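Try each task before you read its solution.

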Amino acid sequence: MEKDQIIKAKNIKEYFPIRKGIFSTVKEYVKAVDNVNFYIKKGETFGLVGESGCGKTTLGRTLIQLIPPTSGTVCFMGKNLSEISKSELRKLRLHMQIVFQDPSSSLNPRMTVKQIIGEPLKINKKIKNEEINKKVLLLLKTVGLDEQHMYRFPHEFSGGQKQRIGVARALALNPDFIVLDEPTSALDVSVQAKILNLFKDLQKKFNLTYLFITHDLSVIKYISDRVAVMYAGKIVELSTTKELFKKQLHPYSIALLCCIPIPDPKIKKEFIVIKGEVPSLINPPPGCKFHPRCPKRISICKKIEPELIEIKKEHFVACHLYQKKV
Amino acid sequence: MLHLFRRSLLSMIGLILILFIIFIAIFAPYLAIQHPTYVEVSTEQGTRRIEERWDINFQDKFIPPNSEHYFGTDDFGRDIYSMVIYGTQISLKICLMVVFSATIIGIILGGIAGYFGGKIDEILMRVTDVFLSIPYLILAIAVAAALGRSIENIMMALVLVWWPQYARLLRGQVLSIRENQYVEAARSIGANNWRILFRHVIPNSFAPLLVQITLDLGAVLLVAAGLSFIGLGAPPGTAEWGLMISSGRMHMFHSWWYATFPGLAIVITVLGFNLLGDGIRDITDPKLRR
């Protein structure tokens, strides 16, 4: 069980302090990620969905240690990242890479494609310039670009091509785990499909594990093996994609998934409209964070926060409605 | 780059003027008629330095411009044309060195303050504020009084008052540039802070600074000439434009050429730098393009 987990998050919290007043004293915290537990299996694509501002991007960055977690531990390839030495962490971190949402701001406008993709090689591996050239060319071909693109600058490319360059840079160090932070949401639909297929091909070729962060449910359905639904900094439901799209349990997931449009005008769907706003992450409501908007709330929801519990095999839900039945 | 300059006539004129001035500075020994000699003298403070000496010839004093002395001669019979030519070297040296040194200090301190933030930022910016509050004239007088009257001392004083504005400008830029995702991407591929700062952040923050630098070249030249004019800069006998105007102003009514030609030289050079700076600003900021 433990063996095939590539990365495991245990009680991860990420609080950002808000400083106020003359002496910049910490008055409050933004609880972007609040006590999250999950693991990702080797070779799978793990989807993370949720509204904007629910903490999914922060969770992705915390996992690969771009932001150190406020508390909790991340285990990567069996090693606890908060316990190992700094130099070991530096080395291990290179096995985790990230592809960003906005392809134009994720590439340095003053560097050529060759410099951008070659930079990780230059920093981490003592190899000669010619070998870097060779490797960069190979990487470009892997992501569907070619030699003529090598000496151009980022502004000369389309959004989809820029994203391919970003992917090539992430692949340069032969990572095992890649966080894809809404990699397709800045692209138009036809390009999205091509990039998604590229991700699938690369996964097979290099035996990669993905954490796919998005708010686009049809993308998640297409690409991921397991999905976690996040709400206000917490995972509310976690299951295999098949199971989740067939039978959601958490009221939030039900409302969320009924929003996927079905390309058939004959099918009439009933929309469940969630009323109200996403709760403030500074002062979240007590008990279940979803209770002010929940159509099925019961009295206990206001007082006690439900825990993420396995209801069926591989199906976790954090909701009081189901906890009684267990 | 050049085709962008061509769009605006004024910046093109600025560029040509500056290239012309640089040409004169480089080929001064070939263009001038008289030449200074350089002697080593010891100062009151006991240090030694090279001083410029021009031959004095009282028979030739106050000759109006003619075919031999294009700009006439001064009260010591020295050729004003040659002195204006050699003055180009001094003026360019002052403004380039001052702005260059101030830029280096400003980039390093502003970059570090903006990138690392927190306490480092707070400390560096308060130091900057202290320097920003020093009036350049008072500092120049103090430096001239303490270290003696020389071009090097004036340059030092100007660098001390000039760098804070570059530090502030760059810090502001760095604050916005460091939020770009390519900075985060660089961190995830294992780049250390210094590499990120000097390879990713500073090169992308530099454009507004470049405009400021070109505009400042003219300003520094004016200030340096002004300091020499009130007797704080170049020592007497130097072919410095401000100093020449200062000694020429007493003879304004009988020999107009004495103060006029060095004054024209200052006007042309400052105008050139300002037009060039405006041109560069228009090029780097497309929103201002007409």
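**Exercise 1.** Find how much space lies in the largest cavity, and list the residues that line it.

*Solution.* Start with the volume, the space filled by probe spheres set on grid points that are joined across faces, edges and corners: the largest cavity of this predicted model holds about 50 Å³. A cavity here is a set of points, on a 1 Å grid over the protein atoms alone, where a 1.4 Å probe fits but cannot get out, and lining residues have an atom within 4 Å of a point. Next, read off the lining: His250(A), Pro251(A), Cys288(A), Phe290(A), His291(A), Cys294(A), Lys296(A), Cys301(A), Cys319(A) and Leu321(A). Finally, sort by class: seven are nonpolar, two polar and one charged. In this scheme Ala, Val, Leu, Ile, Met, Phe, Trp, Tyr, Cys and Pro are nonpolar, Asp, Glu, Lys and Arg charged, and the others, Gly among them, polar.

**Exercise 2.** Work out which residues line the second largest cavity.

*Solution.* This cavity holds about 40 Å³. Chain A gives Arg90(A), Arg93(A) and Leu94(A), and chain B gives Arg187(B), Ser188(B) and Gly190(B). At least two lining residues each come from α2 (86-93) of chain A and α8 (181-188) of chain B, where helices are DSSP runs (H or I, at least four residues) numbered from the N terminus. By class, three are charged, two polar and one nonpolar.

**Exercise 3.** State the confidence in chain B.

*Solution.* Mean pLDDT (the predictor's confidence in each residue, from 0 to 100) is 88 for chain B, with 95% of its residues at 70 or more.

Methods. Residues numbered from 1 in each chain as written. Chains lettered and ligands numbered in written order. Predicted model: local features only at pLDDT ≥ 70, side-chain atom pairs only at ≥ 80, totals over all residues. Heavy atoms only, no water. 1 Å grid on protein atoms, 1.4 Å probe; cavity = no way out; pocket = protein on both sides within 12 Å on 5 of 7 lines; lining within 4 Å.
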